[in-house]
Protein chains: 2
Amino acid sequence: MKMNEFEMIRAIREMFSDLPVRGTGIGDDAAVLHHPGSLLTTDTMVDGVHFILDKTDLADLGYKVMAVNLSDIAAMGGYPDAALLTLGLPKPFTDAQFLRLMTGIHDSAILYRCALAGGDIVRSDTLFITVAMTGHPIKEPILRSGAKPGDIIYISNKVGDSALGLKLLQAPHSVKVKSANYFLSRHFCPSPRLKLIEYLTEHYIIRSCIDISDGVLADLQHIAEESGTGYFLEMNELPVSAEEIGKEFEKDPFFFYTLAATGGEDYELLFTSEQSIDSAAVYEHTGVSVTPVGRILESGYRIGYFEKEFSPSDFKTGFRHFEGE
Amino acid sequence: MKMNEFEMIRAIREMFSDLPVRGTGIGDDAAVLHHPGSLLTTDTMVDGVHFILDKTDLADLGYKVMAVNLSDIAAMGGYPDAALLTLGLPKPFTDAQFLRLMTGIHDSAILYRCALAGGDIVRSDTLFITVAMTGHPIKEPILRSGAKPGDIIYISNKVGDSALGLKLLQAPHSVKVKSANYFLSRHFCPSPRLKLIEYLTEHYIIRSCIDISDGVLADLQHIAEESGTGYFLEMNELPVSAEEIGKEFEKDPFFFYTLAATGGEDYELLFTSEQSIDSAAVYEHTGVSVTPVGRILESGYRIGYFEKEFSPSDFKTGFRHFEGE
């Protein structure tokens, strides 16, 4: 890089001058926020683990590392306030790459109204980006532990898209789909559901919520374990992108449902509500659909697929079997 | 490593059960703090840049990455509340190394009363540790920009120790000192001056403050630039560890003062006050000395050394010359 640390910080300050921190931002030993939020989260992306530098548009990467943190704030029933950005940049990284990365971070920050309050820029042999973010709960924070037996389980938008995008990225011809670009874009640019959770918390009592980063099954398991409940998941109700997949979906829907249930990184919300939710009204106001996919039970983990029933362990074995083929 | 992510998180939760978060800590999408602080900072340490894994006790490293963040909170006139910890761990990292690292982090957290509210554990080819920390100002936050002409410049404890420790680590025979272990320990285990700043803010008006991470000269320059002032630094007043250096100090005091003025990572406080500070009383109550080393001026950057006077640029050239020998 030709830019030194101070030049990079100056470039960042200029870029973010259209999104001022409510308080004192970049430039002191710590930021000072006038209205500090009670929500605090952090997420990191590392080259070779969360992305492959050569296969990634750095603007997408910058957008995504912000989006996954914003998604955590959404999953708590919150809205974002300010972020800290840590960049670990390898020597061969160029000024153009740095600026491209920052463009994506800035786009995401502007879109979801999250100021940049500070951070750290360091040299590292491995490229990594860490974001820490604060936010405020809209009402009370929504925890994973709030689910009650009888609650309806909902999922926002669709699941499995990101996992399918990743498959297409790693092996473009492994699955034939109608619209590969759609799945790639869902993988690279997830949508934190901030507007959705704002609408939902204003109109319903959302008892528990998590963002789907590990996969529907794993994240539903987190909800059940933290709440001390069981669940019944109706796998064929999972909202999947059948149309964008095309004919392949009809040939083997079970494969795609399995992908939807176990694929991670969709960053959709999985939440539970005692009341039934008016999906049409939600869609009208937020542009995002919500789909009921099961119920919270007193105990036991059950997965239905039309007439059949699985346990989570059967199910994972089935999927692993497919992956090995 | 034999431990997986969930086992590591469980180990961390157990280890930190003696330091509960005031709110909801590890285990949800975000932490929820009952009394969120307005101060927010982050600092990262990367293998090969900030430390050399083979030459570092991981407990020291864990302690230090917490200490440098705690030092930022101290420099703002604050006390810490909660931290987020991100670990980027390479494949060859062992369970024992992980636990040793966490021991140091925990020791520091207990010593300075900073709970661990959450974080992220990821795989990375390069070991890195990022801490983000929140805290509360004791009174008003102390900024770098508050210095006024006439203010006395103070430094806590001593400076140059860490730089000398680093020199001894990199080339043990390059400098002969009486007590090498002292300097190594000051390099590995800096002391965040939280107790000192608490006492000072209760008894004096501290107008500006910074922690010395880049070196006295560089950090004083930050204060002057942010405050729109100049400074006069009396180099031979810098508090240096003459006794621990021993006879070498008498042979070439200028070298050691130069090291003290330009060596970084001491994490002592450099602050300015309109009033004179009663150093004896400060030492009695906090165990830390404070030494006046100069004045804030209307303009101009001047460095005195007995009868001679330098500009910062002369000075840096002089030092670089020595380094090249």
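## A hairpin in chain B

In β13(B), Phe310(B) is the bridge partner of Ile303(B). These residues belong to a predicted model, in which local features need pLDDT of at least 70 and side-chain atom pairs count only at pLDDT 80 or more, while totals for chains, interfaces and linings use all residues. Residues are numbered from 1 along each chain as its sequence is written, chains are lettered from A and ligands numbered from 1 in the order in which they are written, and side-chain values use heavy atoms, leaving out hydrogens and water.

Strand β13 (residues 308–310) of chain B pairs with β12(B) in the antiparallel sense over three bridges. Strands here (E, at least two residues) and helices (H or I, at least four) are DSSP runs, numbered from the N terminus, and two strands pair if DSSP finds at least two bridges between them. Which residue of the hairpin takes a positive phi? That is Phe306(B), with a phi near 50°, and the hairpin has two residues between its strands.

Strand β9 (residues 230–234) of chain B pairs with strand β12 (residues 301–305) of chain B in the parallel sense over four bridges, and Leu233(B) stands opposite Ile303(B). With strand β11 (residues 290–297) of chain B, β9(B) pairs in the antiparallel sense, also over four bridges; there, Tyr231(B) has Ile296(B) as its bridge partner. Strands of a sheet pair through backbone hydrogen bonds, either parallel or antiparallel.

## A sheet built from both chains

Another open sheet has six strands, in the order β1(A)-β2(A)-β3(B)-β6(B)-β4(B)-β5(B), with mixed pairing. β1 (23–24) of chain A and β5 (115–123) of chain B stand at the edges with a single partner strand each, so one side of each has no neighbour in the sheet.

Strand β4 (residues 78–89) of chain B and strand β6 (residues 128–137) of chain B are antiparallel partners over 10 bridges. Pro80(B) stands opposite Gly135(B) in β6(B). Helix α3 (residues 95–112) of chain B packs on the sheet, touching β4 and β6 of chain B, and its direction makes about 175° with that of β4(B).

## Two helices crossing in chain A

How do helix α4 (residues 161–170) of chain A and helix α10 (residues 253–262) of chain A meet? Their axes come within 7 Å and cross at roughly 105°, which means that α4(A) is roughly perpendicular to α10(A) (angles under 35 degrees count as roughly parallel, over 145 as roughly antiparallel, 65 to 115 as roughly perpendicular and the rest as oblique).

The contact (heavy atoms within 4.5 Å) is made by Ala163(A), Leu164(A) and Lys167(A) of α4(A) with Phe255(A), Phe256(A) and Leu259(A) of α10(A). These residues divide into five nonpolar, no polar and one charged (Ala, Val, Leu, Ile, Met, Phe, Trp, Tyr, Cys and Pro count as nonpolar, Asp, Glu, Lys and Arg as charged, and the others, Gly among them, as polar).

Conventions. Axes fitted to C-alpha atoms, helices over the stretch in contact; angles between N-to-C directions.
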